[in-house]
Amino acid sequence: MRLGLTWGGAAAVIVSTVCLYTAFLLMLRVVGQRAFAAMSSFDMAATIAFGAVMGRAVLGYTPTLAAGLLGMATLLALRAVFGVLRRNHRIDRALTNLPVLLMADGAVLHDNLRAAHVIEDELRQKLRMSGIHRYEDVAAVILERTGTISVLRRGETIAPELLGDVQGRELLATRNVRP
């Protein structure tokens with residue numbers, strides 16, 4: 001194992017890390033927030049393989065300790081920079097997917113499911129895990145920015161400010177949204 005790194009090698013690690021991280025964010029934006037939210041065994045295998053490919057591309061053919069440390073430091077710095085950038089409302093909306101309404105008033109919104117890459121089996125599983133016994137018991141199901149799914153029960157009104165950024169919120173019946 002080599003410990004050292006030339007200045008040219010260091011620059012290559014930084015540039016490749018920045019490019020790969022940016023490409024990764026863009027790919028996640030296209031694929032959607034469910035990509036890494038709830039992992040099946042297939043998703044876990046893909047994530048491990050993806051990390052190996054990314055790590056190899058960042059460090060080059062002959063990784064060194066210094067290159068590994070520099071790659072990790074660059075990834076952490078990028079995470080911090082994007083964290084600061086996301087404080088800007090416009091940049092945040094460009095970098096992340098907005099929450100999406102998947103069910104409204106007991107009705108499954110199939111077009112939204114398809115657009116969010118969620119299958120109805122996953123939706124039903126989340127409903128069962130939330131203690132829902134019938135579709136009619138559901139006021140809203142929302143795929144959040146993080147890829148998790150929120151289930152809101154019928155019978156309690158929802159404050160409109162909680163739905164402000166949810167795509168499809170206009171489909172909810174007014175009886176479920178507090179004026």
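This report describes selected helices, salt bridges, surface features and backbone angles of a predicted model.

## Helix H1

Helix H1 covers residues 7-31, 25 residues in total. From its first C-alpha to its last, H1 reaches 36 Å, close to the 36 Å expected at 1.5 Å a residue. Gly32 follows H1, and the phi of Gly32 is positive, near 110°.

The buried residues in H1 include Ala10, Val13 and Ser16. Thr17, Tyr21 and Phe24 are buried in H1 as well. Met27 is also found in helix H1, but Met27 is partly exposed, with a relative accessible area of 46%.

## The salt-bridge network at Asp92

The model has 9 salt bridges. Four residues, Arg86, Asp92, Arg145 and Asp165, are linked in a network of them. Arg145 lies in the loop between strand S3 (138-143) and strand S4 (149-153), while Asp92 lies in helix H4 (residues 89-95), so the pair ties together parts that are 53 residues apart in sequence.

The two partners differ in their class of exposure. Asp92 has a relative accessible area of 12%, which is under the 20% limit, and therefore counts as buried. Arg145, at 23% relative accessibility, counts as partly exposed. A polar contact of 2.7 Å also joins the side chains of Asp92 and Arg86. Once neighbours within four places in sequence are left aside, Asp92 is in contact with Arg86 and Arg145. Both of these contact residues belong to the network of salt bridges named above.

Arg134 takes part in salt bridges with two acidic residues, Glu136 and Asp137. The closest N and O atoms are 3.9 Å apart in the bridge to Glu136 and 3.0 Å apart in the bridge to Asp137. Arg134 is partly exposed, with a relative accessible area of 48%. Glu136 also counts as partly exposed, at 48% relative accessibility.

## Surroundings of Asp137

Asp137 is found in the loop between H6 and S3. Not counting residues up to four places away in sequence, Asp137 touches Ile132, Arg153 and Arg154.

Asp137 and Gly106 are 31 residues apart in sequence and 6.6 Å apart in space. Met27 and Asp137 are 110 residues apart in sequence, with 36 Å between them in space. Met27 belongs to helix H1.

## A nonpolar surface patch

Leu65, Leu69 and Met72 make a nonpolar surface patch of about 290 Å². Leu65 has its place in helix H3 (residues 65-85). At 41% relative accessibility, Leu65 counts as partly exposed. This value is over the 30% relative accessible area required of a patch residue.

Asp105 is not a glycine, yet has a positive phi of about 55°. The place of Asp105 is in the loop between strand S1 (100-104) and strand S2 (107-108). Asp105 is buried, with a relative accessible area of 18%.

His117 likewise has a positive phi, of about 60°, although it is not a glycine. His117 lies in the loop between helix H5 (110-115) and helix H6 (120-129).

Notes. Residues numbered from 1 in each chain as written. Predicted model: local features only at pLDDT ≥ 70, side-chain atom pairs only at ≥ 80, totals over all residues. Heavy atoms only, no water. Helix = DSSP H or I, 4+ residues; strand = E, 2+ residues; numbered from the N terminus. Expected span 1.5 Å × (residues − 1). Buried < 20%, exposed > 50% of the residue type's maximum accessible area, 1.4 Å probe, protein only. Salt bridge = Lys/Arg side-chain N within 4 Å of Asp/Glu carboxyl O. Polar contact = N/O pair within 3.5 Å; in protein donor to acceptor, adjacent residues only side chain to side chain. Contact = heavy atoms within 4.5 Å. Patch = residues over 30% accessible without salt bridge, like charges linked within 9 Å, V, L, I, M, F, W, Y side chains within 5 Å. Areas by Shrake-Rupley, 256 points an atom, 1.4 Å probe, with all protein chains shown as cover.
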